[in-house]
Amino acid sequence: MSAATSDARIGWIGIGRMGYAMAERLAKGGANLTVWNRTASKAEPLAQHGAKVAAALPELAACDVVFCMVSTWDDVKEVVAGPGGLLSDKTRTPKLVIECSSISLEGSAELRRLLEARGVQMLAAPVSGNAKVIKSGRLSFVCSGPRPAFDAALPYLKMIAPAASYVGEGELARIVKICHNVFLGVVTQSLAEITVLAQKAGVPRHAFLDFVNQSVMGSTFSRYKTPAFVNLDFKVTFTPNLLRKDLDLGLDAGRRFEVPMPLASLTRDIVQTLIGRGMTEEDFAQLLVLQAEASGLKLEPENVPVSDGLG
Ligand SMILES: NC(=O)c1ccc[n+]([C@@H]2O[C@H](COP(=O)([O-])OP(=O)(O)OC[C@H]3O[C@@H](n4cnc5c(N)ncnc54)[C@H](OP(=O)(O)O)[C@@H]3O)[C@@H](O)[C@H]2O)c1
């Protein structure tokens with residue numbers, strides 16, 4: 001079923017960096033879409049693609065399916081179950097909520113209970129990729145919850161991303177996403193360390209990363225972080241605060257399941273250093289700058305055109 005031909009009413013809560021790019025794909029795909037954002041001005045540009053902008057959250061209770069993409073579990077709870085939230089309309093609810101924010105297993109389970117108490121099904125559906133990855137059509141979802149909910153959601157997920165993995169019942173998708181972002185933090189710190197080491201030994205960053213990106217260790221991620229590392233473009237894709245949240249979620253899960261996570265623990269404190277030094281308004285790739293400073297190296301943009309591999 002393509003939403004362009006479907007009557008399903010889709011709601012969207014949270015038009016931040018990720019929410020905007022995801023909802024934009026639904027709107028451009030012809031979905032019958034109503035969006036809400038706390039800061040309404042961020043949602044308004046979606047009207048040019050046919051989306052309606054709701055003035056209040058309970059308006060979305062009239063939708064069949066509601067996506068949610070905000071920051072933390074506290075924020076999810078507020079927009080869904082808080083005063084004036086999605087469930088505050090006692091007369092109607094959506095059939096399905098697809099919750100995409102990166103939140104804890106415990107928060108996700110509480111959300112599921114809150115929704116099920118009102119007869120609403122929930123799919124946990126966090127994602128891998130930033131806004132540019134979404135635009136280039138390469139986002140991926142990892143989903144858990146009732147299989148029928150996944151099957152019902154799939155046509156809409158596919159409008160946003162080519163890949164949606166179903167990993168099982170309950171909150172299993174959350175642990176997959178948490179593991180993924182622990183890896184993101186650790187890999188970025190490691191890439192910062194080796195890039196600075198190579199540079200201090202005399203290799204320009206663009207030459208070093210050109211090799212890494214083509215080697216067996218290169219990845220979609222190392223490629224799309226290359227412009228930031230070479231030319232020091234730290235326009236935010238993902239904030240240090242959100243990365244710290246995810247590393248904390250990983251360490252909490254490690255404690256719960258009795259799994260030592262020494263690399264995650266170190267990386268969490270390095271990200272904390274970034275935040276403690278006030279480097280919160282730019283991309284988390286500033287880990288490179290921190291590493292350079294710790295190595296007595298002042299970084300300059302290399303001003304070399306490099307690809308991010310995203311087209
Ligand atoms: N950026 C990435 O690369 C990336 C990748 C994968 C997953 N994620 C995850 O996706 C989620 C969103 O990330 P993002 O980068 O899009 O963050 P963002 O740009 O900071 O956007 C956050 C969104 O949440 C809304 N929000 C936050 N607290 C709220 C509250 N209490 N009530 C109502 N709305 C609230 C914000 O509304 P306002 O506009 O009014 O502030 C905004 O729409 C996070 O869980 C993040 O960890 C991010």
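Predicted model: local features only at pLDDT ≥ 70, side-chain atom pairs only at ≥ 80, totals over all residues.
Helix α13 itself, which spans residues 287-294, is mostly covered, since six of its eight residues are buried. These buried residues are L287, L288, V289, L290, Q291 and A292, and they pack against α7, α8 (205-214), α10 (226-231) and α12 (262-276).

## The packing of α7 and α11

Helix α7, one of the helices against which the buried residues of α13 pack, runs over residues 172-200 and also packs with helix α11, residues 240-256, at an angle of about 120 degrees, the two axes being 9 Å apart. That angle makes α7 oblique to α11, and the crossing of the two helices is left-handed.

On the α7 side, the residues that meet α11 are I175, I178, N181, V182, L184 and G185, while α11 contributes L243, D246, L247, L249, G250 and A253.

## A buried residue in a loop

A61 lies in the loop between strand β3 (52-53) and strand β4 (65-68), and A61 is buried there, because its relative accessible area is 1% and the cut-off for buried is under 20%. Leaving aside residues up to four places away in sequence, A61 touches L86, D89, R92, T93 and P94. From C-alpha to C-alpha, A61 and S88 are 8.8 Å apart in space, although 27 residues separate them in sequence.

Notes: Residues numbered from 1 in each chain as written. Heavy atoms only, no water. Axes fitted to C-alpha atoms, helices over the stretch in contact; angles between N-to-C directions. Helix = DSSP H or I, 4+ residues; strand = E, 2+ residues; numbered from the N terminus. Parallel < 35°, antiparallel > 145°, perpendicular 65-115°, else oblique. Left-handed = near helix turned anticlockwise from the far one by under 90°. Contact = heavy atoms within 4.5 Å. Buried < 20%, exposed > 50% of the residue type's maximum accessible area, 1.4 Å probe, protein only.
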